[in-house]
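Here is a friendly note to read alongside the model. Keep the structure open and find each residue as you go.

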Amino acid sequence: MGQPTYHHMNVEGLKVLAHPMRVRLLGLLRTHGPATASGLAQRLGESSGTTSWHLRQLAEAGFIEEDTERGNRRERWWRAAQDYTELRERSLPEDDPEVRDALVAYMSHIIEGYRDRAIGFVRSRHTWDEPWRHTSSMSDWLLPMGADEARRFFAEIEAVVERYRRPAAEGDQAFAVQFQAFPIEAEQ
C-alpha cells in the first residue's frame, strides 16, 4: 500500500458531488473496488442507464476512470481515480450562493452515508462473529475549544488515523471510522 492519493476538489467537482447518487457511486467504487454500471445499478436498486450517466459525470470531473484491465466491448468497468476526496472550504468563493448550496448538498449526502453505514452495522451486529460483534464504538462528547485549539484537535485525530493505516493482513476486518466535529450553539 503506497501513499494515499487525494482528489483536491474545486468548485466544479463540488457541483458534481452535490448529487447523492454520485456520492454513493464514488463511495462504492472506493470501498468495494472496480465495478460496472450494471453491477452498481443492481446494488443501488437503480437502472443501469441512470448509473451510467452519473458515472460519466464523475469521470469527466476526474473522480473515477475506466478500468481498462477489465471488461470487454460490452461491459465497461470503472474504478476510483484517487483514494480520498479532500475539500478545503477556504478555497471556495464564500459569496456565491450556488457554491454554498452545492457545499450544503455535498456535506449532507456525506453525513447521510455515514448514518446509513452506522445503522447498517447496528441492524446486523448480531450476525457478526465474536470478537467483531463487540468492537464498535458510538460516542459523542461536548468539548469547549477555541478555533485554533479545534484545528489542533482535528490534526491530532488525523495523525492517530494515519498511524493505523496499513495494508490488510490475514484476519483483519475493514473498519469504518467516522469522525464529525462541529461547533454548536451553547445552551443557556
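1. Buried means under 20% relative accessible area, exposed means over 50%, and partly exposed lies in between (1.4 Å probe, protein chains only). In a regular strand, side chains alternate between the two faces of the sheet.

2. A word on what you are looking at. The model is predicted, so local features need pLDDT of at least 70 and side-chain atom pairs count only at pLDDT 80 or more, while totals for chains, interfaces and linings use all residues. Residues are numbered from 1 along each chain as its sequence is written, and side-chain values use heavy atoms, with hydrogens and water left out.

3. Now the overall picture. The protein has 6 helices and 5 strands, and from the N terminus on its elements run β-α-α-β-α-α-β-β-β-α-α. Helices (H or I, at least four residues) and strands (E, at least two) are DSSP runs, numbered from the N terminus. Of the 188 residues, 21% count as buried. Taken along the principal axes, the C-alpha atoms fill a box of roughly 60 × 50 × 35 Å.

4. Which strands make up the open sheet, and in what order? The order is S2-S4-S3, with antiparallel pairing. Strands S2 (35-36) and S3 (64-66) are the edge strands, each pairing on one side only. Two strands pair if DSSP finds at least two bridges between them; here 2 bridges join S2 to S4, and 3 bridges join S3 to S4.

5. You can trace individual partners across this sheet. Threonine 36 stands opposite tryptophan 77 in S4, and glutamate 66 stands opposite tryptophan 78 in S4. Isoleucine 64 has alanine 80 in S4 as its bridge partner.

6. Stay with tryptophan 77 for a moment. The charged end of arginine 70 sits over the ring of tryptophan 77, 5.4 Å from its centre. A charge sits over a ring if NZ of Lys or CZ of Arg is within 6 Å of the ring centre and within 35 degrees of the ring normal.

7. Next comes the core. The largest nonpolar core has 26 residues, and those with the most contacts inside it are Leu14, Leu17, Leu29, Leu55, Phe63 and Ile64. The elements giving two or more residues to this core are helices H1 (11-16), H2 (20-32), H3 (37-44), H4 (48-60) and H5 (97-124), together with S4. H2 gives the most, with 6 residues. A nonpolar core is a set of buried Ala, Val, Leu, Ile, Met, Phe, Trp, Tyr and Cys residues joined through side-chain atoms within 4.5 Å.

8. Not counting residues up to four places away in sequence, leucine 55 touches Leu25, Leu29, Ala37, Leu40, Ile64 and Trp78. Contact means heavy atoms within 4.5 Å.

9. Is threonine 51 buried or exposed? At 0% relative accessibility, threonine 51 counts as buried. This residue is found in helix H4, and its side chain reaches the backbone oxygen of serine 48 at 3.1 Å. Leaving aside neighbours within four places in sequence, threonine 51 is in contact with Leu25, Ala37, Leu40, Ala41 and Glu46.

10. Glutamine 82 lies in the loop between strand S4 (77-80) and strand S5 (84-86). With a relative accessible area of 15%, glutamine 82 is buried. Its side chain reaches the backbone oxygen of glycine 62 at 3.2 Å. Not counting residues up to four places away in sequence, glutamine 82 touches Thr5, Tyr6, His7, Arg30, Gly62 and Phe63.

11. Finally, the aromatic rings. A search of the whole structure finds 6 aromatic pairs. The rings of phenylalanine 153 and phenylalanine 179 have centres 6.1 Å apart and planes at 50°, so this pair is tilted. Rings of Phe, Tyr and Trp (its six-membered ring) pair if their centres lie within 6.5 Å; planes under 30 degrees apart count as stacked, over 60 as edge-to-face and the rest as tilted. Phenylalanine 153 is partly exposed, with a relative accessible area of 25%, and phenylalanine 179 is partly exposed at 38%. Ring pairs link Phe153, Phe154 and Phe179 into a cluster.

Definitions and conventions
A polar contact is a pair of N or O atoms within 3.5 Å; within protein, one must be able to donate a hydrogen and the other to accept it, and residues adjacent in sequence count only if both atoms are side-chain atoms.
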